[in-house]
Amino acid sequence: MNPHFSAPQIVNRGWQMFNYTAMAMAFLALIALIVVLISKWAGGAPWPGFNWIAMIALPTAFLMMGASVLRSVTIRRRL
């Protein structure tokens, strides 16, 4: 049996919620960006909160997903 292949590891509940939160933040930021673009193309002035949501949520979600990948790599290296 090859020692490099192992059964999938169980993700604990906290990290699972962390990943879902990152995914939801990225989705929310993309929706906010779409709303801003559509309203600008239509000639309107979007609510400035949409810009702030996109500017804060998208980089935060990116960093959270990066932390999740790094955690996954460290778990794999410990096997």
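Let me begin with the aromatic rings in this predicted model, where the count comes to two aromatic pairs when ring centres must lie within 6.5 Å of each other. One of these pairs is formed by Trp15 and Phe18, whose rings sit 4.8 Å apart, centre to centre, with 70 degrees between their planes, an edge-to-face arrangement. Both residues belong to helix α1, which covers residues 13-41, and they are three residues apart, about one turn of the helix.

How exposed are these two residues? Trp15 has a relative accessibility of 25%, so it counts as partly exposed, and Phe18, at 26%, counts as partly exposed too.

Another pair brings together Trp47 and Phe50, and because their planes stand at 85 degrees, with the ring centres 5.4 Å apart, this pair is edge-to-face. Here Trp47 is exposed, since its relative accessible area is 55%, whereas Phe50, at 26% relative accessibility, counts as partly exposed.

Let me now turn from the rings to the helices. In general, two packed helices are described by the angle between their axes and the distance between the axes. Helix α1 packs with helix α2, which runs over residues 48-78, at an angle of about 150 degrees, and their axes are 8 Å apart. Angles over 145 degrees count as roughly antiparallel, and therefore α1 is roughly antiparallel to α2. As for handedness, α1 and α2 make a left-handed crossing.

Which classes of residue make up the contact of α1 with α2? Sorted by class, that contact has 21 nonpolar residues, five polar residues and one charged residue.

Technical notes
Residues are numbered from 1 along each chain as its sequence is written. This is a predicted model: local features need pLDDT of at least 70, side-chain atom pairs count only at pLDDT 80 or more; totals for chains, interfaces and linings use all residues. Side-chain values use heavy atoms; hydrogens and water are left out. Rings of Phe, Tyr and Trp (its six-membered ring) pair if their centres lie within 6.5 Å; planes under 30 degrees apart count as stacked, over 60 as edge-to-face and the rest as tilted. Helices (H or I, at least four residues) and strands (E, at least two) are DSSP runs, numbered from the N terminus. Buried means under 20% relative accessible area, exposed over 50%, partly exposed in between (1.4 Å probe, protein chains only). Axes are lines fitted to C-alpha atoms, for helices over the stretch in contact, and angles run from 0 to 180 degrees between N-to-C directions. Angles under 35 degrees count as roughly parallel, over 145 as roughly antiparallel, 65 to 115 as roughly perpendicular and the rest as oblique. A crossing is left-handed if the near helix is turned anticlockwise from the far one by less than a right angle, and right-handed if clockwise. Ala, Val, Leu, Ile, Met, Phe, Trp, Tyr, Cys and Pro count as nonpolar, Asp, Glu, Lys and Arg as charged, and the others, Gly among them, as polar.
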